[in-house]
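Please look at the structure below before reading on.

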Amino acid sequence: MSNAPQNEDDVRRIVRDKGIEFLFAQFVDMHGKPSAKLVPAHHLDDLLSDGAGFAGFAAGDIGQGPDDPDMIAMPDPTSLTILPWQPNVARFACNVTVEGEEWPFCPRTILRRALARAAEQGYELKIGAELEYFLLRRAADGSLELADPLDTLDQPCYDMRALTRNLDFVAEVSKAVTGLGWDNYATDHEDANGQFEQNFQFADALTTCDRAIFFRYMVETLAQQRGLIATFMPKPFADKTGNGCHFHISLWKDGVNVFDRDPADDPRGLGLSDLGYSFVGGLKAHAKAYIAVSAPTVNSYKRLVVGAPTSGATWAPAYISYGYNNRTQMLRIPGPGRIEDRTVDGSCNPYLAATAMLCAGLDGVARGLDAGEPNSSNLYTLDVSDREAQGIETLPANLLDATRELEADDVMREAFGKAGGVDYVDYFIKVKRREWQAAHEQITQWELDRYLQLY
Ligand SMILES: [Mg+2]
């Protein structure tokens, strides 16, 4: 079953036929946080023609001060999504406008513009997103604990018993995803205790980003209904694997995947076209900069390390590399015609991450960059001298370093466009440096333990 309307008339028919009583007009800020107004269905026509108004400054980092005129969230009719657990309510993913003009700080608008530029060259970006999450609860003393107290194996990944104990929750999510027409094709217990992943089919980039926002909102809501907390935070526990949101990317032209090639015709055997390798070259060339967007929080960089959690591996990248079906690489080629970017984590704004990757990859295509030879090493154990001999560079170690790289990357500047007379990346960097500074001002228990009486 698909709920996807093509136009406003489809929306009116669906709202009437399905008995939808309320509509969320939803947009996101820089951090991907969904904000919305709830509009009764008898005002649907007003919503479609005039949108819903917001004091943008109150909603988060979306380029507004308290003195600015209303932000208007204009529904995209094709994004109508009926809440699976409350089918009399649906949401629209909206594009933000101010005084009738597209708002250049709106992340969905930034992606749409990047997609439109790619479309001028005939290209369409498709993405599949793998959103990992933890299922937790707040203990009586206020601390966080796993929702499932029996989930204690050192290597819990794929544990059938843990998946069975949580069947009630993951089955509800699975049925919801499939009911939305997205097709859940697998659910697994992930590498950390209390961690799950539930996959849905890839789609065009804008659709997948709209779905990623809704998926996080849905999983968190369904968990809250059970008194639980679902979190997509990149690294909630120092000793456990973090939450990735790997993007599987392909580029299409006239309905054909232009990354695809028969592996037998590919000297490297991966099944990527020359254009696909150039796209990989572009991703590698800009990874140090775009990781500020694909892994955009202070916490993100605690996931992007080699050091082993209790399960044995972080499964996250630390180096700029690509390779075969090898999960120690930043870019994995899991099969012909597809690139998996493993930098992306659960805290990303998917619209901004997709924009960064599209523009980085297309820069590689425009410049005819080559990807170099694929790496087949276990990068978690390769020693420094071997790594250096192979010319493999390291990703930024923290958010501050990542913003410095982003600041210096002109392709990324152009990718996100101008907003309020400056480059959007400068606004992004300003907000992220404030976040970095606030974290840096904390005095942690580790510092007290280490330094209090060292001298
Ligand atoms: Mg996974």
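How many residues of domain 1 are in contact with residues of domain 2? In this predicted model, 13 residues of domain 1 touch 16 residues of domain 2.

- Domain 1 covers residues 8-101, and domain 2 covers residues 115-446.
- A distance of 27 Å separates the C-alpha centres of domain 1 and domain 2.
- On the side of domain 1 that touches domain 2, six residues are nonpolar, five are polar and two are charged.

**Describing packed helices**
- The packing of two helices is described by the angle between their axes and by the distance between those axes.

**Helices α4 and α7**
- Helix α4 spans residues 107-120 and helix α7 spans residues 205-225; they pack at an angle of about 160°, and their axes are 10 Å apart.
- Because angles over 145 degrees count as roughly antiparallel, α4 is roughly antiparallel to α7.
- The crossing of α4 past α7 is right-handed.
- From α4, the residues L111, R112 and L115 meet A205, L206 and C209 of α7.
- This contact of α4 with α7 contains five nonpolar residues, no polar residues and one charged residue.

**Helices α4 and α10**
- Helix α10 consists of residues 350-366, and it packs with α4 at an angle of about 25°, with 8 Å between the axes.
- Since angles under 35 degrees count as roughly parallel, α4 and α10 are roughly parallel to each other.
- The crossing of α4 past α10 is left-handed.
- On the α4 side, P107, R108, I110, L111, A114 and A118 take part; on the α10 side, Y351, L352, A354, T355, L358, C359 and L362 do.
- By class, 11 residues in the contact of α4 with α10 are nonpolar, one is polar and one is charged.

**Helices α8 and α12**
- Helix α8 (residues 274-294) packs with helix α12 (residues 399-407) at an angle of about 120°, and their axes lie 7 Å apart.
- The helices α8 and α12 are therefore oblique to each other.
- The crossing of α8 past α12 is left-handed.
- The contact involves K288, A289, I291 and A292 of α8, together with L399, A402, T403, E405 and L406 of α12.
- Six nonpolar residues, one polar residue and two charged residues form the contact of α8 with α12.

Key: Residues are numbered from 1 along each chain as its sequence is written. This is a predicted model: local features need pLDDT of at least 70, side-chain atom pairs count only at pLDDT 80 or more; totals for chains, interfaces and linings use all residues. Domain bounds come from an automatic or database domain assignment. Two residues are in contact if their C-beta atoms, placed from the backbone, lie within 7 Å. Ala, Val, Leu, Ile, Met, Phe, Trp, Tyr, Cys and Pro count as nonpolar, Asp, Glu, Lys and Arg as charged, and the others, Gly among them, as polar. Axes are lines fitted to C-alpha atoms, for helices over the stretch in contact, and angles run from 0 to 180 degrees between N-to-C directions. Helices (H or I, at least four residues) and strands (E, at least two) are DSSP runs, numbered from the N terminus. Angles under 35 degrees count as roughly parallel, over 145 as roughly antiparallel, 65 to 115 as roughly perpendicular and the rest as oblique. A crossing is left-handed if the near helix is turned anticlockwise from the far one by less than a right angle, and right-handed if clockwise.
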